[in-house]
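This briefing is a guided reading of a structure for a student who is new to the subject. Please keep the sequence and the picture at hand, and look up each residue as it is mentioned.

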Amino acid sequence: MKELRYVITDELGLHARPAGLLVSNASKFACNIRIKNGSKEVEGKSILGVMSLALKKGDEMQIIFDGPDEEEAYKTIQAFLKENL
Amino acid sequence: MLKKLKEMFGKNTENEMVILSPIQGEVCDITKVNDPTFSDKLLGEGVAIRPENGRVVAPVDGTIAMMFETKHACTIVSDQGAEILIHVGLDTVNLKGEFYTAHVKDGDKVKAGDLLLEFDMDKIKEAGYDIISPVVICNSATFAKIETYTGMRVQELEKIIRIEK
């Protein structure tokens, strides 16, 4: 299991476009991916789930990867977040 | 007789569900929208509606999953399990709520036709935004088939999408 913490730097937070891209990236992996915002936890491969976290600039998200390709998933998602959020 | 009436009004059957138009206007092909998030179907299958007025009503009986804080979009889960995103205008997250009024909130139960939000079409256009509004089925991948009905003007609650489970 791997955990990634990331603070949103984008002014607009996690709106439709980055949410869609995040889910699209996450869905490529076999491992289980859960995303948390404080106490709220959602399925990382669900668009509605990810958008419902309503992550804004300055919020810290935690992503938990659990499964065979968790290393690769972690690296891919980390790179994606740095570039887009 | 009842079954025939249900078919006429596009009610849902066991394997099929119908999504009605939340907005009055012209139903366009989503691949023609000027935003790859929608035209590339990143968020799912759907249509885009060019509004004729500033009203958005519930396209299904269901529950509001989320009314965006910026009120430019909302997600709703139909009682049959379709997850629908209605996004009023492109890039309108940048308006940060200006020109939008929400009438429902997260968790509200709604019936098709209930007013979800209102928006000032003219002011949004004046501010330089494209008002075309995608209506997307976010869990498209879980369904066998999604059919869209584009190329015509619709009133609120006319059929725009048909989903086969």
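Of the 85 residues that make up chain A, 34% count as buried. The structure is a predicted model, and every value given here was computed. For chain B, which has 165 residues, the share that counts as buried is 41%.

**Chain A**

- The secondary structure of chain A consists of three helices and four strands, and along the sequence these follow the pattern β-α-β-β-α-β-α.
- Chain A has a radius of gyration of 11 Å, close to the 12 Å that the globule rule gives for 85 residues, so it is as compact as a globular protein of that length.
- When contacts in chain A between residues at least 6 apart in sequence are taken together, 72% of them join residues at least 24 apart.

**Helix α1 of chain A**

- The buried residues of α1(A) are A16(A), P18(A), A19(A), G20(A), L22(A), V23(A) and A26(A).
- Within chain A, these buried residues pack against β2 (32–37), α2 (47–52) and α3 (70–84), and in chain B they pack against α2 (36–39), β6 and β7.

**Chain B**

- Chain B contains three helices and 14 strands.
- The radius of gyration of chain B is 15 Å, close to the 15 Å that the globule rule gives for 165 residues, so chain B is as compact as a globular protein of that length.
- The C-alpha atoms of chain B fill a box of roughly 50 × 30 × 25 Å, taken along the principal axes.
- Of the contacts in chain B with a separation of 6 or more, 68% are accounted for by residues 24 or more positions apart.

**The sheets of chain B**

- Eight strands of chain B form an open sheet in the order β9-β5-β6-β7-β11-β3-β2-β13, and their pairing is antiparallel.
- At the edges of this eight-stranded sheet are β9 (109–110) and β13 (152–154) of chain B, each of which pairs on one side only.
- An open sheet of three strands in chain B has the order β4-β10-β8, with antiparallel pairing.
- In the three-stranded sheet, β4 (55–57) and β8 (100–102) of chain B stand at the edges with a single partner strand each, so one side of each is left without a neighbour in the sheet.
- Three bridges pair β8(B) with strand β10 (residues 115–119) of chain B in the antiparallel sense, and the bridge partner of Y100(B) in β10(B) is F119(B).

**A closer look at V47(B)**

- Where does V47(B) lie? This residue belongs to strand β3 (residues 45–51) of chain B, which is joined by five bridges to strand β11 (residues 133–137) of the chain, the two running antiparallel.
- In β11(B), the residue that stands opposite V47(B) is V135(B).
- Is V47(B) buried or exposed? With 24 other C-beta atoms within 10 Å, V47(B) is buried, because a residue counts as buried when 20 or more such atoms lie within that distance.
- Not counting residues up to four places away in sequence, V47(B) touches V27(B), C28(B), I30(B), V135(B), T148(B), T150(B), I160(B) and I161(B).
- Although V47(B) and I86(B) are 39 residues apart along the chain, their C-alpha atoms are separated by 10.0 Å.

**The nonpolar core**

- The largest nonpolar core has 67 residues, and V50(A), I19(B), C74(B) and I84(B) touch the most other members.
- Helix α1 (residues 16–26) of chain A gives this core its largest share, which is five residues.
- Leaving aside neighbours within four places in sequence, I19(B) is in contact with P59(B), V60(B), A82(B), I84(B), I160(B), I161(B) and I163(B).

**Where the chains meet**

- The contact between the chains takes twelve residues from chain B and twelve residues from chain A.
- On the side of chain B that touches chain A, the elements that give two or more residues are β5 (62–67), β6 (73–78) and β7 (83–87) of chain B.
- The residues on that side of chain B divide into seven nonpolar, three polar and two charged.

Notes. Residues are numbered from 1 along each chain as its sequence is written. Chains are lettered from A and ligands numbered from 1 in the order in which they are written. This is a predicted model: local features need pLDDT of at least 70, side-chain atom pairs count only at pLDDT 80 or more; totals for chains, interfaces and linings use all residues. A nonpolar core is a set of buried Ala, Val, Leu, Ile, Met, Phe, Trp, Tyr and Cys residues joined through C-beta atoms within 7 Å. A residue is buried if 20 or more other C-beta atoms lie within 10 Å of its own, exposed if 12 or fewer, and partly exposed in between; C-beta atoms are placed from the backbone. Two residues are in contact if their C-beta atoms, placed from the backbone, lie within 7 Å. Ala, Val, Leu, Ile, Met, Phe, Trp, Tyr, Cys and Pro count as nonpolar, Asp, Glu, Lys and Arg as charged, and the others, Gly among them, as polar. The radius of gyration is taken over C-alpha atoms; the globule rule is 2.2 Å times the number of residues to the power 0.38. Two strands pair if DSSP finds at least two bridges between them.
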